[in-house]
Amino acid sequence: MVNVPRLVIAAPSSGSGKTTVATGLMAAFSERGLAVSPHKVGPDYIDPGYHALAVSSGAAAAGSGRGTWVRPGRNLDAYMCGPGLVGPLFAHGAAGCDLAIVEGVMGLYDGASDQGELASTAQVSKLLRAPVVLVVDASSQSRSVAALVHGFASWDPEVRIGGVILNKVATDRHERLLRDALDGSGVPVLGVLRRTDQVSAPSRHLGLVPVAERHTAALEAMRELAERVRAGCDLEALLALARSAPGLDATAWEPEIEPVPVVPNGGERPVVAVAGGSAFTFSYAEHTELLTAAGADVVPFDPLRDEQLPDGTRGLVIGGGFPEVYAPELSANEPLRKAVAELAHSGAPVAAECAGLLYLARSLDGKPMCGVLAADARMSGRLTLGYREAVAIGDNALAPAGTRVRGHEFHRTVLEPGAGADPAWGVVHPERRVEGFVQGGVHASYLHTHWAATPDLARRFVGRCVT
């Protein structure tokens, strides 16, 4: 039974301010000395980076001894991982914490297209038995706010909306009108943030600019955000609401997979290099945990700075990010591009998702990349976004033929051609097509996957590192 106090921060729609509120609360409660576990509904990689910064900076400000301890932001995605893993993944991330804060996705009841409530914030709140705090953009309404809150609170009786935080409130008079309207709604007002209280992060074509690209500025904004949320929200009432969550019947997920025998490798754990730095910021914490559990020695490196792969590299993982922003710098690091190409041509396993796919291509926006794949990438004006269901077409370094996965795409680039002679995946939903490249030990694709749902991907990959 999991008894971690918890809140879900949701909103009627995107743009209401739930990231501002959730991140501010994480920082404010961490500054009070609480160990806060940050979570994000859905597949998004960027918000969890701000969440991790919020709890670590808050802990440092509290002088609690946790300032050097980083608890990663973790995703809870009922589409990619299945509803049955939401509770266990939450319990894994929140173990040993005093409070868990879960930031929702889109509007409270919005989920996977044509899938009902699947992957919605509402579904995750029910799976976690967690009270919901609704963040409402009140900038263009007064009395109507009561109808809006009443509608959201009554739509699904299994969703418990325990309070509302009013965002973008203009004046004292505006606040009074809003509070008067909500007075008889049965949903208490737990916070009010003024329009002048907005602390925003710069955006780009895929959302917020990741923390890794603006750490100093993000840290300063986090401190200011914590101060304003602390001043505008009733933290005691919010903590009491979180503590009212009932026990959750869930066993914490663990990366418990049979480790790969390392005898063929001389008894040493194979080194798996994982790309990081500002250009490759998209990853799920569970991937590294699974690779380690499978027997790998995971070593991070930065393709913008490091001219060679880590010593003894036997496998390479290149996740998502923004290589298009750093194409000139990535291209200029010719020694590393050659090292990656040599590793790939040797037959070593290489797993590349989205940004990794572009990095392995021949070129990106005219700039030479690693040249592992006979394909060229460029930025486009079209956003490709959504969940996908796919099947491995043939045996490869990640999966045997026929393996079914659920993942998501999130990019504004185009790759020509979009698939090789041996595609990585056959996408079966929502459309049918082939996608990606399998070439020797290389598996490269636009599809982001969550390995917690299919842990054998990690074990198979590490196994290829020692054969």
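Author: A contact here means heavy atoms within 4.5 Å. Among contacts in the chain between residues at least 6 apart in sequence, 77% join residues at least 24 apart. The model is a predicted one, in which local features need pLDDT of at least 70 and side-chain atom pairs count only at pLDDT 80 or more, while totals for chains, interfaces and linings use all residues. Residues are numbered from 1 along each chain as its sequence is written, and side-chain values use heavy atoms, leaving out hydrogens and water.

Tyr45 belongs to the loop between strand 2 (36-41) and helix 2 (46-62), and Phe282 to the loop between strand 10 (271-275) and helix 9 (285-293), so the pair ties together parts that are 237 residues apart in sequence. Helices (H or I, at least four residues) and strands (E, at least two) are DSSP runs, numbered from the N terminus.

Tyr45 is buried, with a relative accessible area of 9%, and Phe282 is likewise buried, at 4%. Buried means under 20% relative accessible area, exposed over 50%, and partly exposed in between (1.4 Å probe, protein chains only). Ring pairs also link Tyr45 and Phe282 with Tyr284 and Phe322 into a cluster.

Note on methods. Phe/Tyr/Trp six-rings, centres within 6.5 Å; stacked < 30°, edge-to-face > 60°.
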